[in-house]
Amino acid sequence: MRAARRRDTRPRAGAQRRAVLGARAVAAASAVLVAALALALAAPAAHAQALGSAPPCIFAGPLPPEKPRIPLRFGTTGQAAGSVGGGQATVAPEDEARTLAALDGLEVPRRDLVLRLNRMFQSDGAAGIARFARLTDTYIARGFKVELQVRYHPAPEENGDIAAYVRFVRAAVREFAPRRDVIALSITNEPNLLASPNTSDGFYADNVQALVSGIVAAREEADRLGRPDLRLGFTYAYRFLYDEGFFDEIGRRSTPAFRRALDHVGLQAYPDLFYPPPGIVTAPEAMVGAATLMRTCLFPRAGIGEDVEIWVTENGYRSRRTDDPAVQSRLLTETIDALAAVSGTLGVTEYRYFNLRDNDSGGGDLFAAVGLLYDDYAPKPAYAAYRDAIARHGRDVPPSCAVRRLTLRPSLRRGERIRSVRVTVSGGRASRVRRVSDRRRVRVDVTRQRTGGMVRVVAHVRTTTGRRLRVVRRIAGCPA
């Protein structure tokens, strides 16, 4: 009877809440978020009654027993940030070549850099998967690791159709799992955030079931394709309505298969921008507090084990053209230093800065100007600060697959120079590609991954006269 009552009452209440919040989001996105937080604080008695004797996860308690810190793997989002509300705000024209050049500039020798691709919607179907496959191949060819966000975000006729979402997840896994440099998938995005259908899946019906069923289906499909190493998780927007209610619902709906399949939970938090507002605690304290709350209070409520990692999948600080850019740089540095200090204690293993470039450096949307670059690709001080943080706290690639630096010289005619170059690697990856200043040579860092045998490196060169050339090198793979 208790389960039947949940089915009778929750959809109606959830639909009313989504309708109210969704309407406000379309009209005034920032105001919605503030209003929703106020609503969350307005009814503690009703919420406590609904939870029974379980104490709410409001304040982070003490840290667990200290463990040695662990290196982090870093990354960023190369595509546009989603605009809060019901639709996408204006984004300055994108330039793929300048995006790739900026990403190259973030790379640190012997460190992985992960590109997180967001906004692959179920409503876009096979065409959306194909579009993201092309993006993925572009980044992999450039030498980056890739992870993707597999959004619920259904078409209206499929809202609440969990079987349709599971089919979409399986199709995405079939497309991306064969690419060994695709390291992870986030199944749904922020199902606990109800107010912003453009950025988050909490607006859509039965979103927690989509999360649970999607992760189980993704694990089954990945294992069938020989990718037990493909990491699977979901993301959570810190401090939206009652966080513990969301994790309670996961606990009610989870199964042994779900708990076995879950590798990580992504923390998405924006201190000083979304929550908490400036002046309550410092940004580093807020991020460590959020991770502590997850590990010590929220995870146990959902039956999520200690072996499940915390990934910071979104964290960013706004810096518009009218702001002091040094503030963003300082907050970023202090946040990463603080997370690195508790990485082993809390099981924080990955960090993604959100995002690479501003959508609109003068825009009013909450997330329009959180990039490391302005919308014209000019770097902010935070760009160099992020690279420095990767150098200090980043995880090394395995020593047996260390970087080998090559210099490739195409057969150029008198006066001819290299206009563009693309490098592909069989049995490894190109971690950095750059033309030498005389534009007659190409230098490439190759991470060897093939055990034994040879790694094949091919530079596809286009010259200033329009000729297309290939330079092929073979080097030894990783030791057996």
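**Close-up views of helix α4 and its contact with α13**

**View 1. Helix α4 meets helix α13 through residues of both helices.** In this predicted model, A101, A102, G105 and L106 of α4 are in contact (heavy atoms within 4.5 Å) with Y383, Y386, R387 and I390 of α13. The residues of this contact comprise 6 nonpolar, 1 polar and 1 charged; Ala, Val, Leu, Ile, Met, Phe, Trp, Tyr, Cys and Pro count as nonpolar, Asp, Glu, Lys and Arg as charged, and the others, Gly among them, as polar.

**View 2. The axes of α4 and α13 cross at roughly 45°.** The axes, lines fitted to C-alpha atoms over the stretch in contact, come within 9 Å for α4 and α13 (residues 381-393).

**View 3. Helix α4 (residues 96-106) contains buried residues.** T99, L100, A102, L103, D104 and L106 are buried, that is, under 20% relative accessible area with a 1.4 Å probe, protein chains only. At the start of α4, a side-chain oxygen of D95 lies within 3.1 Å of the backbone nitrogen of A97.

**View 4. The chain as a whole has 13 helices and 14 strands.** Helices are DSSP runs (H or I) of at least four residues and strands (E) of at least two, numbered from the N terminus. Of the 480 residues, 55% are buried.

**Notes.** Residues are numbered from 1 along each chain as its sequence is written. Local features need pLDDT of at least 70, side-chain atom pairs count only at pLDDT 80 or more, and totals for chains, interfaces and linings use all residues, while side-chain values use heavy atoms, with hydrogens and water left out.

Methods. Buried < 20%, exposed > 50% of the residue type's maximum accessible area, 1.4 Å probe, protein only. Polar contact = N/O pair within 3.5 Å; in protein donor to acceptor, adjacent residues only side chain to side chain. Axes fitted to C-alpha atoms, helices over the stretch in contact; angles between N-to-C directions.
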